[in-house]
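Morning, everyone. I want to talk about charged pairs today. Take a look at the screen.

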Amino acid sequence: QTQSNVLLGHIGIARNNPDYETVMVMNYILGGGGFVSRMTSNIRTKQGLAYSVYCRFDTKQRSGMYFAELQTKNETTGQAIKSLIDEINRIRNEPASTTELEDAKNYYIGYVNFRLETNADKASNIILGEFYGLPLDYIQKQNEKIKGITIEDIKTVANKYLDSNAGIASSFSGSYNKPDAPIDNCLLAFNKQSFSTVLPCF
């Protein structure tokens, strides 16, 4: 069986970015929420194009990175990449639904509460906050910030921090002849004799 691995990515945000909570909620709706996310619902469940698909903001002390990743059949690579980019553009241009927003907010509120169950949890979060340059009470204020996120906030951070024209890397395994659809600004490559050909596309 042949498979293509696709990675789209660009510079993300620092952990102490004031938009952090809103970005995490937006990302949950887009592709970080597993089977309830838009990427999985559309690209995997509805279209059957990907074995797995997700996106993530990996926050660091400084900028960190954003990436979206999927695995698909070689012959559906072009269609899968187009659908991935379409979902990024959709969350930038179309408002999230009330259900999407509330589900994402409830998930993160539960996650924050889970991280405060024991004194050891609280101490660990204080240390992490110090490492990332956050105020001492940041964890207590997170729920309040999450509850206040609006549909318009989701669209705002999507436009501010997501770039659908980011670099794409694709690797193919096994026998492959040509992409199933044109892919703008992306160089696709294959090697019929081996399992690895990866080229960045900008």
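Start with Asp-58: its relative accessible area is 18%, so Asp-58 is buried. Buried means under 20% relative accessible area, exposed over 50%, and partly exposed in between, with a 1.4 Å probe and protein chains only.

Some ground rules. This is a predicted model, where local features need pLDDT of at least 70, side-chain atom pairs count only at pLDDT 80 or more, and totals for chains, interfaces and linings use all residues. Residues are numbered from 1 along each chain as its sequence is written, and side-chain values use heavy atoms, with hydrogens and water left out.

Which residue pairs with Asp-58 in a salt bridge? Arg-56 does, with the closest N and O atoms 3.7 Å apart. A salt bridge here is a side-chain nitrogen of Lys or Arg within 4 Å of a carboxyl oxygen of Asp or Glu. Arg-56 is partly exposed, at 43% relative accessibility.

The whole structure has 10 salt bridges.

Next pair: Glu-100 and Arg-38, closest N and O atoms 2.9 Å apart. This one links distant parts of the chain, 62 residues apart: Glu-100 sits in helix α4 (residues 98–114), Arg-38 in helix α2 (residues 38–46). Helices are DSSP runs, H or I, of at least four residues, numbered from the N terminus. Arg-38 is buried at 5% relative accessibility. Glu-100 is partly exposed at 23%.

Last pair: Glu-102 with Lys-105, closest N and O atoms 3.7 Å apart. They are 3 residues apart in helix α4, so about one helical turn separates them. Glu-102 is partly exposed at 33%; Lys-105 is buried at 7%.

How values were computed: Helices (H or I, at least four residues) and strands (E, at least two) are DSSP runs, numbered from the N terminus.
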